[in-house]
Amino acid sequence: MTVHVLLADPPRDGLVLPDLPETSPLTESEATGLYEAMLKDACVAAATSGGSLLVNYPPAEDIPPEHETGRPPEADLRAAVTDALEDPEDARFEVQVGSSYDARVGNTVTHLLRDEDHATVAVVDPRAPLLARKDLDSAAMKLRRRDVVLGPSDRGRVHYAGFADTIDFAGAYTTPELDTITAHARDADHDVDFLSHQPLVRTGTDLETLLPVLNARRRAGRIVPAHTTQYVAELGVHLTDDGLQRA
């Protein structure tokens, strides 16, 4: 059974998706709402898959002072996850450990594989709303045959990184992440496989990529991430020849 790890920030204005208001019609609070909706969909996908869900949250001292609310980061994330899951007990929460993203991923993956003796661990980016339960289960099947499985996204990023064994995580998420992680995996003599491309939403350009897919899938009666789809519909933002516009 794969442990799906979401390294998540508490949904607070300016802390999450900080580049989105500058590159789209969304305000800071709307960007926060979108992040929370995508986070909820990621939690639902992980919790309903054949694996388990672990939400990795930053310690309070790592939150920049301008984003401090006096509320623990875990409490903000628990509130969002509780609202998303039928059974909130399906989610496990642990604090992140490490001075960089590479270190936090490495510490978590290594701890789960070596100390808790889990067979496979996957780091899932909560900003990839189209990553569904079936995709996570397909990735888990690949991890039975490969040591590392990666999910590509735009500009060399990864939306998913699954591990059946550890690598040297120092600098592993250096741009372009997809190629760098693959290089680290091959240096460890690991077999690497890949998932289908999925968009990661960080900027207005990313949102332009996501919106037509959501709308097309909804019109066709296909599976969509429920929270994200509902939220962007409420925003009334759509794609035109001139970019993103309000309805």
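Contact here means heavy atoms within 4.5 Å. Among contacts in the chain between residues at least 6 apart in sequence, those joining residues at least 24 apart make up 67%. The model is predicted, so local features need pLDDT of at least 70 and side-chain atom pairs count only at pLDDT 80 or more, while totals for chains, interfaces and linings use all residues. Residues are numbered from 1 along each chain as its sequence is written, and side-chain values use heavy atoms, with hydrogens and water left out.

**Overall build**

The chain has 8 helices and 9 strands; these are DSSP runs numbered from the N terminus, with at least four residues for helices (H or I) and at least two for strands (E). Its radius of gyration is 17 Å, close to the 18 Å that the globule rule gives for 247 residues, so the chain is as compact as a globular protein of that length. That radius is taken over C-alpha atoms, and the rule is 2.2 Å times the number of residues to the power 0.38. The C-alpha trace spans about 50 × 40 × 35 Å along its principal axes. Of the 247 residues, 52% are buried (buried is under 20% relative accessible area, exposed over 50%, partly exposed in between, with a 1.4 Å probe and protein chains only).

**Helices H7 and H8**

The axes of H7 (residues 204–219) and H8 (residues 226–235) come within 11 Å and cross at roughly 105°. Axes are lines fitted to C-alpha atoms, for helices over the stretch in contact, and angles run from 0 to 180 degrees between N-to-C directions. Leu210, Leu211, Leu214 and Arg218 of H7 meet Thr228, Thr229 and Val232 of H8.

**Backbone exceptions**

Most residues other than glycine have a negative phi, and most peptide bonds are trans.

| Residue | Phi | Relative accessible area |
|---|---|---|
| Asp117 | about 65° | 64% |
| Arg155 | about 55° | 52% |

Asp117 sits in the loop between H4 and strand E4 (120–124), and Arg155 in the loop between strand E5 (148–152) and E6. A cis peptide bond, with omega about 0°, joins Thr175 and Pro176. Pro176 belongs to the loop between strand E6 (158–163) and helix H6 (177–187).

**Thr110**

Thr110 lies in helix H4 (residues 101–115) and is partly exposed at 24% relative accessible area. Not counting residues up to four places away in sequence, Thr110 touches Asp115, Thr166 and Phe169.
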